[in-house]
Amino acid sequence: MIDDIYFMKEAIIEAKKSIEEGGIPIGAVLVSNGKIVGRGHNRMIQEDSPILHGEIDAINNAGRLTYLEYSQSTLYTTLSPCPMCSGAIVLYNIPRVVIGENVTLMGAENFLEINNIEVEVLQMEEIREIFNDFIENHPEVWDKEKERVSNSTTCNSSF
């Protein structure tokens with residue numbers, strides 16, 4: 001659990017980088033054998049990309065790992081991964097995902113579990129506050145993004 005908190009704090013750093021760049025505050029780190037091999041954050045707005053979610057960015061920044069490296073890894077993500085990111089997790093045989101919190105956004109956790117991926121949710125209030133502050137301070141950005149992907153992600157935020 002101590003390692004999970006440490007690595008989630010690294011994912012939070014990535015989420016804050018996204019805010020600084022004008023993006024959505026979602027961050028992720030890919031850890032293999034106890035060390036961070038890939039860092040990423042949501043860069044959809046910054047790069048005008050439909051697929052640069054934090055999880056995809058972290059996996060991409062890790063480079064092309066071996067099957068063994070993927071199979072001994074954990075992906076830490078501040079919010080619950082969407083169906084696309086969950087598909088990449090399954091595709092690359094990442095056996096464990098640690099989610100910072102899933103009250104704000106609920107992704108495809110059931111898909112991960114059906115595919116024998118261990119899912120742990122930390123429910124960190126800090127992450128919820130970061131995301132809710134973003135929604136409160138940038139409602140037009142968030143509303144525009146929700147319109148684009150309203151099919152598979154549930155926003156439980158009160159905003």
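# Cores, strands and a pocket

Leaving aside residues up to four places away in sequence, F131 touches I24, P25, I26, L79, T104, L105 and W142. These contacts, like everything else described here, belong to a predicted model and not to an experimental one.

## The nonpolar cores

F131 is among the residues with the most contacts inside the largest nonpolar core, a set of 20 residues, and the others named in this group are M8, Y76, L79, M124, I127 and W142. Two or more residues of this core come from each of the elements α1 (2–20), β1 (27–32), β3 (73–79) and α7 (125–137). Of these, α7 gives the largest share, with 5 residues.

## The strands and how they pair

| Strands | Sense | Bridges | A bridge pair |
|---|---|---|---|
| β1 and β2 (35–41) | antiparallel | 6 bridges | G27 and H41 |
| β1 and β3 | antiparallel | 5 bridges | A28 and T77 |
| β3 and β4 (96–101) | parallel | 5 bridges | T74 and R96 |

Strand β1 takes part in the pairing with β2 and in the pairing with β3, and it is mostly covered, since 6 of its 6 residues are buried. In a regular strand the side chains alternate between the two faces of the sheet. In β1, residues G27, V29 and V31 point one way, while A28, L30 and S32 point the other way, and the residues on both sides are buried. Strand β4, which pairs with β3 in the parallel sense, is likewise mostly covered, with 6 of its 6 residues buried.

## Residues with a positive phi

Most residues other than glycine have a negative phi, and most peptide bonds are trans. Against this background, a few residues of the model can be picked out. D48, although it is not a glycine, has a positive phi of about 50°, and its place is in the loop between α2 (44–47) and α3. Is D48 buried or exposed? Its relative accessible area is 66%, so D48 is exposed.

N116, which is not a glycine either, has a positive phi of about 60°. N116 is placed in the loop between α6 (109–114) and β6 (118–121), and at 70% relative accessibility it counts as exposed. N33 also takes a positive phi, near 55°, in the hairpin of β1 and β2, where 2 residues lie between the strands.

## The second largest pocket

Rolling a probe the size of a water molecule over the atoms shows where empty space is left. In this model, the second largest pocket holds about 210 Å³ of space. Which residues line the second largest pocket? The lining is made up of I56, I59, N60, G63, R64, L65, Y70, A88 and Y92. By class, it has 6 nonpolar, 2 polar and 1 charged residues, and helix α3 (residues 54–61) gives the most to it, with 3 residues.

At 34% relative accessibility, Y92 counts as partly exposed. Y92 and I59 stand 33 residues apart along the chain, while their C-alpha atoms are separated by 9.2 Å.

Methods: Residues numbered from 1 in each chain as written. Predicted model: local features only at pLDDT ≥ 70, side-chain atom pairs only at ≥ 80, totals over all residues. Heavy atoms only, no water. Core = buried A, V, L, I, M, F, W, Y, C linked by side-chain atoms within 4.5 Å. Buried < 20%, exposed > 50% of the residue type's maximum accessible area, 1.4 Å probe, protein only. Helix = DSSP H or I, 4+ residues; strand = E, 2+ residues; numbered from the N terminus. Contact = heavy atoms within 4.5 Å. 1 Å grid on protein atoms, 1.4 Å probe; cavity = no way out; pocket = protein on both sides within 12 Å on 5 of 7 lines; lining within 4 Å. Points joined across faces, edges and corners; volume = space filled by probe spheres on them. Nonpolar A, V, L, I, M, F, W, Y, C, P; charged D, E, K, R; others polar. Pairing = 2+ DSSP bridges.
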